[in-house]
Amino acid sequence: MKLDAVELRAVALPLVSPFRTSLGTQSVRTALVVRVLSDEGEGWGECVAEDEPAYSPEYLAGATDVIKRFMIPALAGIDLDPAAVGPTLRHLRGHPMAKAAVEMAVLDCWLRARRTSLAAHLGGVRRRVRVGVSVGIAESVDALLATVDRHLSAGYARIKLKIEPGWDLEPVRAVRETFGADVMLTVDANTAYELADLRHLARLDAFGLALLEQPFAPDDLHAHATLAARMDTPICLDESITSARDAAEAIRRGACSIVNVKPGRVGGYLEARRIHDVAQANGVPVWCGGMLETGLGRAANLALASLPGFTLPGDISATERYYRRDITRAFVLDGGEMEVPDTPGLGVLPEPTDLEAATTTVSRLTV
């Protein structure tokens, strides 16, 4: 397969409601949509980098620049298949979200031409997957309880609460006492704590949580291992895991017993599958995290979550949880589950009218 051209399209999607974490608040999701055109057809990808380098060192304008200036020229002229993208771009240090977007578009194009779904290519075994929902930091406990009640009524299989210092024990207690012990409940700190908070965090054991996600800095495996040895609640890593090698080291050091896999964070869906394989070999469950993806990323995440080691509900959620108008068809929650696309490639295409309405800029590069 030979690359002919690449289209980079910035889109902006207003969120149904602002989404607040310990890293900040979002009211609009901006994303970069990558369209590759080849001698075998076209494919679509999505870059999940955010506007600012807060969650990770990457940011959207930088990802756009590195794709234009370095990644597309590197792929020009080679016999292109999905497995070749990573090795071809290996000389470019970092930028996993940009690499993941390019790989995703190549995967979609290559698989469409071969009439194979992404789920089948990755080794998926489920036609439907259980999904959860992530609940941001609220203005009050009452507002939080109303939001959780709405999501549970919709049928979500798991509730994840964002926490930070000053917003942790009491809101978690309120949710647990209000909705009972049968609700699968997790919390996510997005690196907001320090090792000095260990005793405080250990008090979360009282609430029967399924996991505590990423309390400490990404590079501090020692702190996570220390906390894991003190808590009954399983520790899950997110920002710390950027490759299969990271996952193996974190598991070896006892820094986690669960892994959140985000394809953008780890450089693409093929590396995400390798992390799944490492975790499964070590008896560690994984689940698919979310980055407020458009329908393109949502479809691909459902395919990833259909692999056998994804035994916990992921942050995939229905379209209506985030957007009134997406750039693809809507994804719908049904009995706490969502269907895995089974048509070739990602199994979904942008709707031209919706894509155009969300677009802020477009550039086209001829290879």
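In the predicted model, strand β5 (residues 133-135), helix α5 (residues 141-154) and strand β6 form a right-handed β-α-β unit. Helices (H or I, at least four residues) and strands (E, at least two) are DSSP runs, numbered from the N terminus. A crossover counts as right-handed if, with the strands pointing away from the viewer, the path from the first strand over the helix to the second runs clockwise. From β6 the chain crosses through helix α6 (residues 169-179) to β7, and this β-α-β crossover is also right-handed.

Strands pair if DSSP finds at least two bridges between them. β5 and β6 pair in the parallel sense over 3 bridges, with V133 opposite I159 of β6. β6 and strand β7 (residues 185-188) run parallel and are joined by 4 bridges; here L161 stands opposite V187. Both faces of β6 (residues 159-162) are covered, with I159 and L161 buried on one side and K160 and K162 buried on the other. Buried means under 20% relative accessible area, exposed over 50%, and partly exposed in between (1.4 Å probe, protein chains only).

In helix α9 (residues 244-252), the buried residues are A244, A247, A250 and I251. They lie on the same side of α9 because they cover an arc of only 125 degrees around the axis, taken from the directions from the helix axis to the C-beta atoms. The face turned away from this buried side carries the exposed residues R245 and R252.

Residues are numbered from 1 along each chain as its sequence is written, and side-chain values use heavy atoms, with hydrogens and water left out. Local features need pLDDT of at least 70 and side-chain atom pairs count only at pLDDT 80 or more, whereas totals for chains, interfaces and linings use all residues.
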